[in-house]
Amino acid sequence: MEEIYFAGGCLWGVQEFMRHLPGVISTEAGRANGTTDNTQYEYDGYAECVKTQFDPAQVSVETLMGYLFEIIDPHSVNKQGEDVGEKYRTGVYSQNEQHLAIAKAFIAARPDAEKIAVEVLPLTNYVPSDDEHQDRLTHFPNDYCHIPLDLLHKYKNPS
């Protein structure tokens with residue numbers, strides 16, 4: 001298993017989308033690259049993110065990047081849907097240099113590369129979100145989400 005962290009606005013929707021993708025083993029809502037080690041402080045510069053554990057034999061980082069770009073406005077700075085603020089910025093974080101190189105190459109290959117506002121940075125700090133934010137849209141499917149429902153569950157297996 002490998003881990004990569006995706007920020008795409010409100011983590012509720014990003015987690016709900018990511019958890020249904022082929023090759024994704026598990027997800028956890030959290031905060032990337034803030035300066036504190038818990039959620040009890042005021043905003044500390046973090047980006048809302050989803051820790052995504054995946055099986056590289058089933059899904060590549062490049063494919064995961066493609067999925068992320070389905071649910072974000074990659075040109076928007078600190079805003080996705082109705083969510084506005086630095087914590088809603090888009091980003092890709094990892095402790096694996098290869099993941100970051102692949103993410104940067106994915107962005108560079110796009111025709112709109114010069115307009116893309118998705119940061120790609122080493123993960124320097126990760127803090128899991130509080131329990132009420134974990135799998136929020138699974139537990140409370142009528143809560144707000146900036147991702148349209150048909151897109152949110154595009155890859156969900158009907159059961």
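This is a predicted model: local features need pLDDT of at least 70, side-chain atom pairs count only at pLDDT 80 or more; totals for chains, interfaces and linings use all residues.
Residues are numbered from 1 along each chain as its sequence is written. Local features need pLDDT of at least 70, side-chain atom pairs count only at pLDDT 80 or more, and totals for chains, interfaces and linings use all residues, while side-chain values use heavy atoms, with hydrogens and water left out.

C10 sits in the loop between strand 1 (2–8) and helix 1 (11–18). Helices (H or I, at least four residues) and strands (E, at least two) are DSSP runs, numbered from the N terminus. The relative accessible area of C10 is 9%, so C10 counts as buried. Buried means under 20% relative accessible area, exposed over 50%, and partly exposed in between (1.4 Å probe, protein chains only). Neighbours within four places in sequence aside, C10 is in contact with E48, D83, Y88 and H146. Contact means heavy atoms within 4.5 Å.

Beyond four places in sequence, the contacts of Q80 include Y88 and H146. Both of these residues also contact C10. G8, G9, I71, I72, D73 and T90 are also among the contacts of Q80.

Y126 is buried, at 18% relative accessible area. The side chains of Y126 and E28 are joined by a polar contact of 2.8 Å. A polar contact is a pair of N or O atoms within 3.5 Å; within protein, one must be able to donate a hydrogen and the other to accept it, and residues adjacent in sequence count only if both atoms are side-chain atoms. A polar atom of the Y126 side chain also lies 3.4 Å from the backbone oxygen of A29.

Backbone geometry was also examined. Most residues other than glycine have a negative phi. N33 lies in the loop between strand 2 (24–32) and strand 3 (47–54). N33 is buried, with a relative accessible area of 16%. D135 is found in the loop between strand 8 and helix 4 (136–139). Its relative accessibility is 22%, so D135 counts as partly exposed.
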